[in-house]
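Here is a short walk through one protein model. Keep the coordinates open as you read.

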Amino acid sequence: MTTTSVRPTAAGLRRRVLELAERITTPLLPGDYLDLVAPLRSGAPLRGRITAVHPETRDCVTVTIKPGSGWQSHIPGQYARIGIDVDGVRQWRTYSLTSHTDRPDGHIAITVKAVADGTVSNYLVRRATVGTLVHLDQAAGDFVLPTAAPDKLLFVAAGSGVTPIMGILRNLADSRDTDAVVVHCAPTPDDMIFAGELRELAARGRIRLIEVHTATDGRLDVTRLQELVGDLTGRHTWACGPAGLLDALQQHWTKSGMADRLHTERFRAEILATGDGGTVTFSKSGTTTEAAGDQTLLDTGEAAGVLMPSGCRMGVCFGCVVPLRRGAVRDVRTGDLTTAVEGDGVVIQTCISAAAGACDIDI
């Protein structure tokens, strides 16, 4: 009798090694261990590691992040969702990218201002350290310049609204053919984010910088803006700041027939209508809590410690969509009521929905 031995193929050997590794590491998988030693590797969920935390003002920092190999770059003015574990709960927030797109080291940066009761912003400003691992989504957003930028630009920023604008300016700064005016509003000179860099750009003739210190000058309105920028109607405008300012600009530009020349970026949806409030049940997590009528379901869940999916937090990206099992919710932007009973298959955006009575969210 003749016995023939069959040599295993490379693929077969690889499969056997993985099977053996799974037996040894059970209940974890080999990938779980790889996540510990090489979290930024190709094929892993997209993550990043903080490499620097640089203070900008007393309550604002720029956080530099080395993204994993799956990062696909960004267009200046876009934002990215950042996920970070705070006190054992993963929180997701959206921050504008403020870095150059062609950094030799491939790192990206976000600039974060601490806000009152802001879980993530205060963590990043006060507690984040070099080496901290964060979760990432790819860049998104359309607050960007067209491929052929207009010859005359106006940027209007208030507070942290300067962050997406700075992302644009840093990648526009070497263009000498563009006439760019930047109106930057902050309470005092010390509160102006990127003040030094903007003043340097102005000194080099790259931009015309107009500083508005609201603690002494008062808030910026359209009339004042027209006084500061004499050729206002001849400029394509990108504006980011509080809802009141953006609403006033939109009304003026629309009334003047220039709506197509105004581009705005909002960090949160403006609450124009409220629900009635009520008992909110997050069925999968087994959490029940009371919600006020002006509190979004996203904020309600996060305050109760529920791990909530989220993204832009203003109803644009649909990163917070979850099923409404039963009950009623109200869209805080329009006042529209959505109701559901078991089996309807209704889904809602939690960042723009508030409880309108008792409701059950399938998360």
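**A covered helix, a core and a few loops**

The buried residues of helix H4 are covered by elements that include E4, E5, strand E7 (152-158), strand E8 (179-186), helix H5 (195-203) and strand E10 (236-240). This is a predicted model. H4 spans residues 162-172 and is mostly covered, with 10 of its 11 residues buried. The buried set is Val 162, Thr 163, Pro 164, Ile 165, Met 166, Gly 167, Ile 168, Leu 169, Arg 170 and Leu 172. Note that Arg 170 is in that list.

In soluble globular proteins, nonpolar side chains tend to be buried together. The largest nonpolar core here has 24 residues, and Ile 65, Ile 110 and Leu 124 touch the most other members. At least two residues of this core come from each of strand E2 (60-67), strand E3 (79-86), strand E5 (108-113), helix H3 (119-126) and strand E6 (133-136).

Take Ile 65 as a way in. Beyond its neighbours within four places in sequence, Ile 65 is in contact with Gly 48, Arg 49, Ile 50, Thr 51, Ile 82, His 107, Ile 108, Ile 110 and Val 134.

Now the loops. Ser 73 sits in the loop between E2 and E3. Its phi is near 70°, a positive value in a residue other than glycine. Ser 73 is partly exposed, because its relative accessibility is 34%. Asp 87 lies in the loop between E3 and strand E4 (89-96). Asp 87 also has a positive phi, near 55°, and is not glycine. With a relative accessible area of 62%, Asp 87 counts as exposed.

Strand E4 holds Arg 90. Is Arg 90 buried or partly exposed? Its relative accessible area is 31%, so Arg 90 is partly exposed. Leaving out residues up to four places away in sequence, Arg 90 touches Ile 84, Asp 85, His 135 and Leu 307. Two of these contacts can be followed through the side chains. A polar contact of 2.8 Å links Arg 90 to Asp 85. Another, of 3.2 Å, links Arg 90 to His 135. Arg 90 and Met 308 are 218 residues apart along the chain, yet their C-alpha atoms are separated by 8.4 Å.

Last, the cysteines. How many disulfides does a search of the whole structure find? The count is 0. Cys 185 is buried, at 5% relative accessible area. Cys 359 is buried too, at 4%.

Methods:
Residues numbered from 1 in each chain as written. Predicted model: local features only at pLDDT ≥ 70, side-chain atom pairs only at ≥ 80, totals over all residues. Heavy atoms only, no water. Core = buried A, V, L, I, M, F, W, Y, C linked by side-chain atoms within 4.5 Å. Buried < 20%, exposed > 50% of the residue type's maximum accessible area, 1.4 Å probe, protein only. Helix = DSSP H or I, 4+ residues; strand = E, 2+ residues; numbered from the N terminus. Contact = heavy atoms within 4.5 Å. Disulfide = S-S within 2.5 Å. Polar contact = N/O pair within 3.5 Å; in protein donor to acceptor, adjacent residues only side chain to side chain.
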